[in-house]
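Subject: Structure handover

Hello,

Here is the structure for you to look through. My notes on what was found follow below.

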Amino acid sequence: IPGGEYFALQRVYVMMPYNEDQILIGTKDLGFFLFDPSENKFIKLDYTDEEEIIRAEIYSSTMLPGDILVLGTLRSGVLFLDRDGKIIYQLDSKLGFVNTFIYECYYNETLKPTVFWFATDEGIFKLDLFNNFRVWGKENGIEGYINSAVRHKGNLYVGQRNGLSYLDTTGIIPKFTPIGELLEVWNFIKIQVPGSSEEILLVASRSGIYEIDDLKLKLIDDQFIAHDILQSKLNEEILYVGTNFGLEVYKYNKGNWQYIENPFSETGTILDLEEYNEYLLGAQNNRGVIVFTDFENGTFDMIDSTKGLPMIGHDYHLFEIDEEIMIASSTGFYSIHDSLKVERRELFGDLFKDNQLGVFSYRQIGNDYWMSLYETGETDIITQLARVTEENDQYSIDTVFSNGIPESIVITFLEDSERVWVAKLNGL
């Protein structure tokens, strides 16, 4: 081939159809070229991430629908490139991938488009981008803290420090795509429309309270920074909202949620809300749990050290465990008596017997109990992801499975079909 001698001393690892008329050629040290057989002409491609691709040492390749070029490398795992040669996704050992030495990669278009085969120096592996353990971060559109996650009407939403996103699976590489321009999203809450069986999804955010419907946002109120929302079990027409300043109340009327003044609007930041008997509870940092006892007279009580709750650390959360409201703190779980006094509960055997573990988040998923734990007294909290299992009234704690997850605070968990999503400060 005229001009082919240019590659005599080069290692050519990629040769594949680029379009109907041209062939893509990838070299070890010189980057990528197009060859036009009709004109016997080579054209150098100016790839966006060429230097990084050369450093990765390409070794194999395949093409995916949507003009996505997949490169197996000897140094950087698997690279996914767009038409301009920009790396849009990378699979390597940092993301829990088995190996960075990829000798061959194969995609079969007759299978579902997220399944790939890879040959490494440790054997042949199949990768399902949805079902295998993996980390979701900037490569998938996630930036900043993840505060919450929920699936509603088939869509997976995440609440981030910098807004609201949903998982877009229409492309060959799934990614999270922003919705609207909300500031920090704290929580998602599913509620029943009063007098109906319809379930809707609400979001509590720094920008206020919104309803999410079919990837669109509907404003309910933007007067407050909302942390949590609770639909009353005693009256489904009432919504309680924990804000930066206190408690706000809304009542359902002819298809809309209307604001109602209440005497607790300036009782301090409320992060979690739960109902206990006839009382409404609100978890507050540094102060314990506030108990709203009388809305007409504006009276409230506090669950703190005077009620048996140690004022150690600063995080207090409310969880419903086996139909009982529990306070989670830096020294474990506490149950509430009718007198509003609390006692420490040994919910999981001797897991918290030495008062050395605090509970940051909790979720029961199937027969297992998922928690993020931290050492009592730590000022810079780095949580340990733990899964507690029960067999014959004996509890055991499993933390080994989480060793591949990057360290940071585990915020929450989401059960989603056969997967469990773990929301952390640095991704999913």
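Lys 44 forms a salt bridge with Glu 50, and their closest N and O atoms are 2.5 Å apart. Please keep in mind that this is a predicted model.

How exposed are the two partners? Lys 44 is partly exposed, with a relative accessible area of 38%. Glu 50 is partly exposed as well, at 22%; a residue counts as buried only under 20%.

A second salt bridge joins Glu 57 and Arg 75, where the closest N and O atoms are 2.8 Å apart. Glu 57 lies in the loop between α1 and β5 (58-64), and Arg 75 in the loop between β6 and β7, so the pair ties together parts that are 18 residues apart in sequence.

Glu 324 counts as partly exposed, at 28% relative accessibility. Arg 345 is partly exposed too, with a relative accessible area of 25%. The structure holds nine salt bridges, and the ones described above are among them.

Next, the nonpolar core. The largest one has 16 residues, and those touching the most other members are Leu 24, Phe 32, Tyr 47, Ile 53, Leu 69, Leu 71 and Leu 81. Which elements each supply at least two residues of this core? They are β1 (12-17), β3 (32-36), α1 (50-56), β6 (68-73) and β7 (78-81).

Apart from neighbours within four places in sequence, Leu 81 is in contact with Tyr 47, Ile 53, Asp 67, Ile 68, Leu 69, Leu 71, Lys 86, Ile 87 and Ile 88.

Last, the chain as a whole. The protein chain has one helix and 37 strands. It has 428 residues, of which 50% count as buried. The chain exposes about 21,200 Å², and carbon and sulfur atoms supply 45% of that area. Among contacts between residues at least 6 apart in sequence, 39% join residues at least 24 apart.

Regards

Terms used. Residues numbered from 1 in each chain as written. Predicted model: local features only at pLDDT ≥ 70, side-chain atom pairs only at ≥ 80, totals over all residues. Heavy atoms only, no water. Helix = DSSP H or I, 4+ residues; strand = E, 2+ residues; numbered from the N terminus. Buried < 20%, exposed > 50% of the residue type's maximum accessible area, 1.4 Å probe, protein only. Contact = heavy atoms within 4.5 Å. Areas by Shrake-Rupley, 256 points an atom, 1.4 Å probe, with all protein chains shown as cover. Core = buried A, V, L, I, M, F, W, Y, C linked by side-chain atoms within 4.5 Å. Salt bridge = Lys/Arg side-chain N within 4 Å of Asp/Glu carboxyl O.
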